[in-house]
Amino acid sequence: MHATTKLLAAGWFLAAPLFGQLADSATDPAEDLAKFTREVLIPERLKLIDGDIVVPIDFDESRATFGTSLWPNGRVPYEFATNVGSTNEQRMIAAMQEWESLADVNFAPRNGEADYIRIISDSFNASEFLGRNGGRQRVWITSWTTHGTLVHELGHVLGFYHEQSRADRNTFVQINFNNVSQTACTDSNGNPASCNSQFTIRDPGDSEHGPYDFGSVMHYGACAFSNCTTCAATNNSCATITVLAPNTAQQTLIGQRVGASFWDGRVMSFLYPEDNWVFADDQISAIPFGTFLDPFGLAQALLIVPNNGKVWLKPGTYGGVGRIERPMKLEATYTAVRILN
Ligand SMILES: [Zn+2]
């Protein structure tokens, strides 16, 4: 994957001035042309985390994982600010189509909906909120020609956090805090500050889905927030993320911004599943919500799934099911499923 560490770093440097720069409330937040500079923005009550996600000031980062605020029926109304040219509109639409090809999501031009995204051309890449927050939420883009960056920001819109925010990340990568800039970020007063917090684990540990994905378009690059002016992914004195054995060959892959990975698509499709998909978890015996995040037990799933539908089995051991008389598919969401007599 790819050489995209510098792209991510660039996005961060551009975005960094946002952090802690509370907006003058006289600044009309509806005015897209307001520049996110040290003089302006981030609207009050909002803050920047992890370089490119803008969230409410009281946002519970420890619980900030995808799945809590999905778009109903996967439908995401969007509009472009007038400063986005037609070429860049088409680039963004191509990124939308990538997610639409991978999951049951549908980006649709806004037609008066109250909840929508507004895509704005600016000097940094960032998304406001994770998933659907309600009302207008903005997506700012500067790297229009980097398809994977557009896919990445839309990943936040749909609910994805960063891959290296997973609770299990220290098993797979090492964060080299000695190489993390201690001055390039800003505190709430706008003063230079450590970037260490950009590497906080956000996930309490119950939201890892699928294997740790070095190739995720949501993964930071190896040089993100480095204290080196120029940084190579393989330079141990500059890289901020080192992939651990036995996966060291992935060192130059992390941070790729070519597009969504297999697991990006698979996990997104679980969050926004096809209509005839039903999820089952052997840990669940009741409470049949039936989504990937709130799955049925297997017995309920088998009752609920439509004919010729698909029951996805989360890892676990299933038993006592008996005979299935209707046509359906059973598939494992990722691995290690046992079905006993
Ligand atoms: Zn991001």
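Phe 225 sits in the loop that runs between strand 10 (192–193) and strand 11. In this predicted model, Phe 225 has a positive phi of about 65°, although it is not a glycine. Is Phe 225 buried or exposed? Phe 225 is buried, because 29 other C-beta atoms lie within 10 Å, and the cut-off for a buried residue is 20 or more.

## Phe 129, another positive phi

Phe 129 also deserves a look: its phi is positive, about 75°, and Phe 129 is not a glycine either. Where is Phe 129 found? Its place is the loop between strand 6 (126–128) and strand 7 (136–141). With 23 other C-beta atoms within 10 Å, Phe 129 counts as buried.

Which form does the peptide bond from Ala 245 to Pro 246 take? The bond is cis, with omega near 5°.

## Helix 4 and its buried side

Helix 4 spans residues 262–271, and its buried residues are Asp 264, Val 267, Met 268, Phe 270 and Leu 271. These residues cover an arc of only 155° around the axis, so they lie on the same side of helix 4.

What do the buried residues of helix 4 pack against? Their partners are helix 2 (86–102) and helix 3 (147–158). Those two helices also meet each other, as the next section describes.

## Where helix 2 meets helix 3

Helix 2 and helix 3 pack with their axes 9 Å apart, at an angle of about 60°. That angle makes helix 2 oblique to helix 3. The crossing of helix 2 past helix 3 is right-handed.

Sorted by class, the contact of helix 2 with helix 3 holds 9 nonpolar, 1 polar and 2 charged residues.

Thr 87 belongs to helix 2. Thr 87 is exposed, since 9 other C-beta atoms lie within 10 Å, and the cut-off for an exposed residue is 12 or fewer. Thr 87 and Trp 144 are 57 residues apart along the chain, while their C-alpha atoms are separated by 9.2 Å.

Thr 183 is in the loop between strand 8 (173–175) and strand 9 (185–186). Thr 183 is exposed, with 11 other C-beta atoms within 10 Å. Along the chain, Thr 183 and Ser 194 are 11 residues apart, and 5.2 Å separates their C-alpha atoms. As for Leu 293, look in the loop between strand 12 (277–280) and helix 5 (298–304). Leu 293 is partly exposed, with 16 other C-beta atoms within 10 Å. Leu 293 and Asp 281 are 12 residues apart in sequence, and from C-alpha to C-alpha they are 9.8 Å apart in space.

## The whole protein

How many helices and strands does the protein have? Its secondary structure comes to 5 helices and 16 strands. The protein has 341 residues, and 43% of them count as buried.

Contacts across the sequence complete the overview. Among contacts between residues at least 6 apart in sequence, 64% join residues at least 24 apart.

Conventions:
Residues numbered from 1 in each chain as written. Predicted model: local features only at pLDDT ≥ 70, side-chain atom pairs only at ≥ 80, totals over all residues. Helix = DSSP H or I, 4+ residues; strand = E, 2+ residues; numbered from the N terminus. Arc of directions from axis to C-beta. Contact = placed C-beta atoms within 7 Å. Axes fitted to C-alpha atoms, helices over the stretch in contact; angles between N-to-C directions. Parallel < 35°, antiparallel > 145°, perpendicular 65-115°, else oblique. Left-handed = near helix turned anticlockwise from the far one by under 90°. Nonpolar A, V, L, I, M, F, W, Y, C, P; charged D, E, K, R; others polar.
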